[in-house]
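Here is a briefing on one protein model. It covers cores, a pocket, selected residues and backbone geometry.

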Amino acid sequence: MASIEGNIGLKGIVLAGGAGSRLDPITRVASKQLQAVYDKPMVYYPLATLMEAGITDVLLISTPADIPRFESLLGDGGQWGLSISYAVQDAPEGIAQAFLIGEPFVGGEKVALILGDNIFHGNLGLDHVVETFDEGAVIFGYPVSDPERYGVVEMNDEGMAISLEEKPSSPRTNLAVPGFYLYDENVVDIAKNLTPSARGELEITDVNRAYMSRGALRTIRLGRGIAWLDSGTHDSLLEAANFIATIEHRQGLKIACLEEIAYQRGYVDFDHMTRLVSEMPASTYREYLERLLADTATPA
């Protein structure tokens, strides 16, 4: 395996817990994040986002029932040049609970949190965002036609958040906040001091408000050419699958192919990749990777 060239100064958490009740009955079999989004399990997509950002040290948090399934699917991540560890969320008590569960993993370092049902496609420029991230927190603003369904951010001309609203009836902007966040080493202490909301959860919006009150919540607006999909309902899951299928068929390229990302970013080398592909069952997925290897093989 080639040496990992990821951003070792920033760790990553994938929160893949929750009951997935909106997707019942399919989530009676396995969690939402293990459902297929066209040709890959949903969890591949947030992992791909972290990998594209140069993050290779990852903690996946899920339910007691689903952790063994994720371990069977992903292992320790070594096949992709990653280090994946696992932690249990016994009860879904808010997104910010991830920092309490993941405190030993975070270890006083900077961390990125991504929700396991969020899918991004397009050039987000995450390499630059991660490389230049030093302190405070970073969230993203994504223009939507129905902001009243989301957490909404208002930003000033310097890109700093000046207001956050949760599903407002009269939104100040149309910028929804996707489930991908960067935090400095203060995030665990902030999470520890949160008061549960009326629904009994530790809200990620309250974490962001704490940073905003310090003037430390930077907001990056995601523009045209970037897709953000939240696949938490039957309709949105189908829409996401259709979107992925359309792009892949049109371009002949796969989205969130972890093996491809690992190889192209140098997390694994040609020999490792060749062994990995040779162990795969016959499938269109394997055929795609075989073509990739053939195109990059060094002539004898």
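Helices (H or I, at least four residues) and strands (E, at least two) are DSSP runs, numbered from the N terminus. By that numbering, α1, β7, α5 (126–132), α8 (234–251) and α9 (258–264) each supply at least two residues of the lining of the second largest pocket. The model is predicted: local features need pLDDT of at least 70, side-chain atom pairs count only at pLDDT 80 or more, and totals for chains, interfaces and linings use all residues. Residues are numbered from 1 along each chain as its sequence is written, and side-chain values use heavy atoms, with hydrogens and water left out.

**Second largest pocket**

- A pocket is defined on a 1 Å grid over the protein atoms alone, as an open set of points where a 1.4 Å probe fits, with protein on both sides within 12 Å along at least five of seven lines.
- Lining residues have an atom within 4 Å of a point.
- The volume of the second largest pocket is about 500 Å³; a volume is the space filled by probe spheres set on the points, which are joined across faces, edges and corners.
- Its lining has 23 residues, and Glu52, His121, Gly122, Ala256 and Ile261 lie nearest the centre.
- α1 gives the most to this lining, with four residues.
- By class, the lining has 11 nonpolar, seven polar and five charged residues.
- In that count, Ala, Val, Leu, Ile, Met, Phe, Trp, Tyr, Cys and Pro are nonpolar, Asp, Glu, Lys and Arg are charged, and the others, Gly among them, are polar.

- Buried means under 20% relative accessible area, exposed over 50%, and partly exposed in between (1.4 Å probe, protein chains only).
- Eight of the nine residues of α1 are buried, so the helix is largely enclosed by the rest of the structure.
- The buried residues of α1 are Tyr44, Tyr45, Pro46, Leu47, Ala48, Thr49, Leu50 and Met51.
- Just after α1, Gly54 has a positive phi of about 85 degrees.
- A nonpolar core is a set of buried Ala, Val, Leu, Ile, Met, Phe, Trp, Tyr and Cys residues joined through side-chain atoms within 4.5 Å.
- The largest such core has 69 residues, of which Val14, Leu74, Trp80, Phe180 and Leu289 touch the most other members.
- Helix α1 (residues 44–52) gives the most to this core, with six residues.
- Apart from it lies another core, of 34 residues, including Phe105, Val153, Tyr181 and Leu202.
- In soluble globular proteins, nonpolar side chains tend to be buried together.

- Contact means heavy atoms within 4.5 Å.
- Not counting residues up to four places away in sequence, Leu74 touches Val43, Tyr44, Leu47, Leu60, Gln79, Trp80, Ile84 and Tyr86.
- Gln89 sits in the loop between β5 (83–88) and α3 (97–101), and is buried at a relative accessible area of 4%.
- Beyond four places in sequence, the contacts of Gln89 include Leu15, Gly17, Ile61, Thr63, Gln97 and Ile101.

**Strand β7**

- Asn118 lies in β7 (residues 118–121) and is buried, with a relative accessible area of 2%.
- A polar contact is a pair of N or O atoms within 3.5 Å; within protein, one must be able to donate a hydrogen and the other to accept it, and residues adjacent in sequence count only if both atoms are side-chain atoms.
- The side chains of Asn118 and Asp117 form such a contact, at 2.9 Å.
- A polar side-chain atom of Asn118 also lies 2.7 Å from the backbone nitrogen of Gly179.
- The C-alpha atoms of Ile119 and Pro46 are 6.2 Å apart, although 73 residues separate them along the chain.

**Backbone geometry**

- Asp24 and Pro25 are joined by a cis peptide bond, with omega about 10 degrees.
- Pro25 lies in the loop between β1 (10–15) and β2 (36–37).
- Lys167 is not a glycine, yet has a positive phi, near 50 degrees.
- Lys167 lies in the loop between β10 (161–166) and β11 (175–176), and is exposed at 55% relative accessibility.
- Ala256 also has a positive phi, of about 60 degrees, without being a glycine.
- Ala256 belongs to the loop between α8 and α9, and counts as buried at 11% relative accessibility.
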